[in-house]
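Reader: I am new to this structure and would like to know what the terms used for it rest on. Please start with the strands.

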Amino acid sequence: MTAASPTTRPSAVRPARIALIGNPNTGKSTLFNALSGMRVRTGNYPGVTVEKRIGRTQWAGRHIELIDLPGTYSLSPKSPDEMVAVQVLTGCCDEPRPDLIVCICSASALERNLYLATQVVEVNCPVILCLNMWDAAVHAGIQIDTTLLSQELGVPVVTTSATQREGLTELKAAIVESLQSSECDERALNTPRSRVTQIISEPIATEIDRLEEFLTTRGIPAERRSPFLVSRSLLDPAGSVECLLTNDAGSTYGDALAESRKLLAAAGHEIPGVEATQRYKFIHQLLRRVQTRSKPTSATVTDRLDAVLTHRIFGFLICLSVLLLVFSTIYWFSQPVSEGVEGLLGWISSQIVNFVAPGPLRSLLTEGIVSGVGSVIVFLPQICLLFLFIGLLEDCGYMARAAFMMDRLMGLLGLSGRSFLPLMSSFACAVPGVMATRVIDDRRDRLVTILIAPLMSCSARLPVYVLMIGAFIPDSRLLGGWLPLRAVVLFAMSTLGLVVAVPVALILRSTLLRGEPSPFLLELPDYRMPSLRVVLMRVWESGLSFVVSAGTLIFATSVLVWAAGTFPGDHTQQYQLAAKIESLQAADEELHATEIDALSSQLNLQNAQLLQSSFLGRTGIAIEPLVRPLGWDWRIGVGVIASFPAREVVIATLGTIYSLGGDVDEESDGLRATLKAATWPDGTPVFSIPVAVSIMVFFALCAQCVSTLMVIRRETNSWRWPIFSFVYMTVLAYIGAFLTYQIGIRM
Amino acid sequence: MKTKRLADLTLGSSAIVTAISGANRVASRLMEMGFVPGAAVEVLRRAPFGGPIQYRVHSVLISMRIAEAACITVTDAAGWSDSVASMPVAELQLAAT
């Protein structure tokens, strides 16, 4: 075997590129994982938030690169996902063309799945048709004559059952054979011509010829005016291929296209509808010869399950229970794990304390680095658990039903049913919630969901509420003495974000993210047993991508904020005091108890002064005029700024500023008492009910969580949206706190 | 031959698609998913609170909102072609085109 021309034929040296394409819900991912093993690399296609999955493997001595394209219904793309698939197949942008395409269809639904297949076989590239989920088809009583099908379509046909790992050797063998024969002769480049005329009627074929001639006279090279590309530019008005060719050939090509379309419309072949009609006609006639169904299509397990699971009342209740179960499991499970992580980090810190003397290095290690790593790792259990649930629900087919049933509710926010799970997860924590927006395929819906997810009251806001309510809301009872006022206020604060999210979502949808609402055409796949392997791989990929893309930024910000709170400042006295306390504790803690207490108070005072003179503290003092209208003094301002990495940090910061040390929590009586006693220079108390409520309202609406912002950056692939989130939420929080305070003091 | 919109059909009924109105992306996508003239559609059930409706077309389950279903005009089996009225529904697909 000799390669004819190294520039156009796949050589034995560079890996063969194989693209996997198919409708959603055809088991493409399972097949991809089975073929590529563990060596999968994920990333994003340039400029878009479409996930790119490449697997590297070796068969029969050849290096293979598998590209898992996003699920596609047709090569007339209607979404960024589909656009990427078309671009990879046509070889534009930076992606080189694949050497072979495997088109994956579900054997139980060929009536619909073959639509894409009939388009794919026209591409200027060898194609193998893979009928996946073959076992389900056999079970449903479907018989398919694969030899005849192969003859009719002109491509090899292989049957597989990826979950049962059947047919994989045959598929690999077919791929290798196809690669070898395409390297030897021109056959692969000639066949598409005949396939196009077979499916599309004569008038359209004539127009395609005419347009191809037009492009030849314009000097477009043969590769860029293949029958496939020309036909796509004609049949997909204003699509990416039309744009591509108009760029190459000039706007006169656009005119030629318009003329062709007018001609065809006059002849009764209206574009774009005619393509679908003709292809389905071809498929119908083909399947009459090739496929027989021995059982009627309605008596399936899926239908019986759906009768219960999508029942208007019971189905809805079941759906709600399932989603609440997911939510509570994450919420309750992640708490002990987070505590475990914090315990581990605390232990590491104490080891560092043993070995490193008090000084800037120790401070950097414990408060900067260990704390920074901790603020990344603490999210991993929740992310992994949520993605485990999402993977199981999607793989078994239930996720689509949940979106179906929640759609009307989400319609109140201007969103679709797919937004329900991410928003609900955000009530526990917005970090996995924002990552979960990957299940939303409409780009604008996804962005709106990402932008309102942080408004859902997350668990990190609770400590602030508990502190403020415990210290300043009176313990009175309403409604005849059984409803505690404190509980009402807590509920109100927890739902404030959700209430505000409704108008925010609607405004976003009608201004910034305005656009034609994408149709809610949701396919409900057959129920099937989820593949644990695929799900676990997805969990691993998500966790890894979080740590690498978002985690590094979260860590960097933590260290930066630590630095802002430490420098500038002379810490020598602080270090001396700390060293002295530790040596006394090591000697005999009880004996020196009083001395230790006295030194500790001095240390706390030092900490407070150092924080005040640090960059963070000075910023807080500088912005005091800004926060006065909210009823705050500079200390609260510093607390808010310091809580940028994570909301609950405000508690420890307030403790430090008020010279109580950073170890206080929201339940500390000491902190509560100190806050109650805090006064302005003229003696009036700082904290009152309106101030406390304005602080809570601010935290309810603000974006003080760098982790969420970094995850938004990762999911939107740009800095624009996290910056926008931060700005709009801070403005919203400021206005909310302002109104609360100003109205509160007048009541 | 009476034509209705898909949105007007009652739950549990079947019909044949005659046309999709509009030439925008929604119409194009509907046709690509199988709602072509001559295709048999079965109306299955509706989501709570007046949400989307589930249909079966080409042995696949697809749900869509009322707004999308209103773009599709349908007719009953008898209205499609008298000569094939006695054939089972599946066979009626594209028999007349």
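Author: Two strands pair if DSSP finds at least two bridges between them. Strands (E, at least two residues) and helices (H or I, at least four) are DSSP runs, numbered from the N terminus. This is a predicted model, in which local features need pLDDT of at least 70 and side-chain atom pairs count only at pLDDT 80 or more, while totals for chains, interfaces and linings use all residues. Residues are numbered from 1 along each chain as its sequence is written, and chains are lettered from A and ligands numbered from 1 in the order in which they are written.

Reader: What makes S12 of chain A and S5(B) a pair?

Author: There are 3 bridges between strand S12 (residues 522–524) of chain A and S5(B); pairing asks for at least two, so the two strands count as paired. They run antiparallel. Leu524(A) has Leu61(B) as its bridge partner, and Glu523(A) stands opposite Ile62(B).

Reader: Which strands make up the sheet, and in what order?

Author: The order is S12(A)-S5(B)-S4(B)-S3(B)-S2(B)-S6(B)-S1(B), 7 strands in an open sheet with antiparallel pairing.

Reader: Why are S12 of chain A and strand S1 (3–5) of chain B called edge strands?

Author: Each of these two pairs on one side only. Between neighbouring strands of the sheet the average turn is 40 degrees, direction ignored. Helix H17 (residues 398–411) of chain A packs on the sheet and touches S12 of chain A together with S5 of chain B. The direction of H17 makes about 130 degrees with that of S12(A), where axes are lines fitted to C-alpha atoms, for helices over the stretch in contact, and angles run from 0 to 180 degrees between N-to-C directions.

Reader: How many residues of chain B are in contact with chain A?

Author: 34 residues of chain B are in contact with 30 residues of chain A, contact being C-beta atoms, placed from the backbone, within 7 Å. Helix H1 (25–32), strand S3 (40–46) and strand S5 (60–64) of chain B each supply at least two residues of that side of chain B. The largest share, 7 residues, comes from H1(B).

Reader: Why is Ile636(A) counted as buried?

Author: A residue is buried if 20 or more other C-beta atoms lie within 10 Å of its own, exposed if 12 or fewer, and partly exposed in between. Ile636(A) has 26 C-beta neighbours inside 10 Å, so it counts as buried. Ile636(A) is found in helix H28 (residues 634–642) of chain A. Leaving aside neighbours within four places in sequence, Ile636(A) is in contact with Val627(A) and Ile695(A). Of the 747 residues in chain A, 46% are buried.

Reader: What makes a set of residues a nonpolar core?

Author: The set must consist of buried Ala, Val, Leu, Ile, Met, Phe, Trp, Tyr and Cys residues joined through C-beta atoms within 7 Å. The largest such core here has 231 residues, and among those with the most contacts inside it are Leu20(A), Ile101(A) and Met696(A). Helix H31 (residues 689–701) of chain A gives the most to this core, 10 residues. Leaving aside neighbours within four places in sequence, the contacts of Ile101(A) include Ala19(A), Leu89(A) and Val120(A).

Reader: Where do the domains of chain A lie?

Author: The domain assignment gives domain 1 (16–195), domain 2 (202–268), domain 3 (300–456) and domain 4 (543–746); such bounds come from an automatic or database assignment. The C-alpha centres of domain 1 and domain 3 of chain A lie 33 Å apart.

Note on methods. Two residues are in contact if their C-beta atoms, placed from the backbone, lie within 7 Å.
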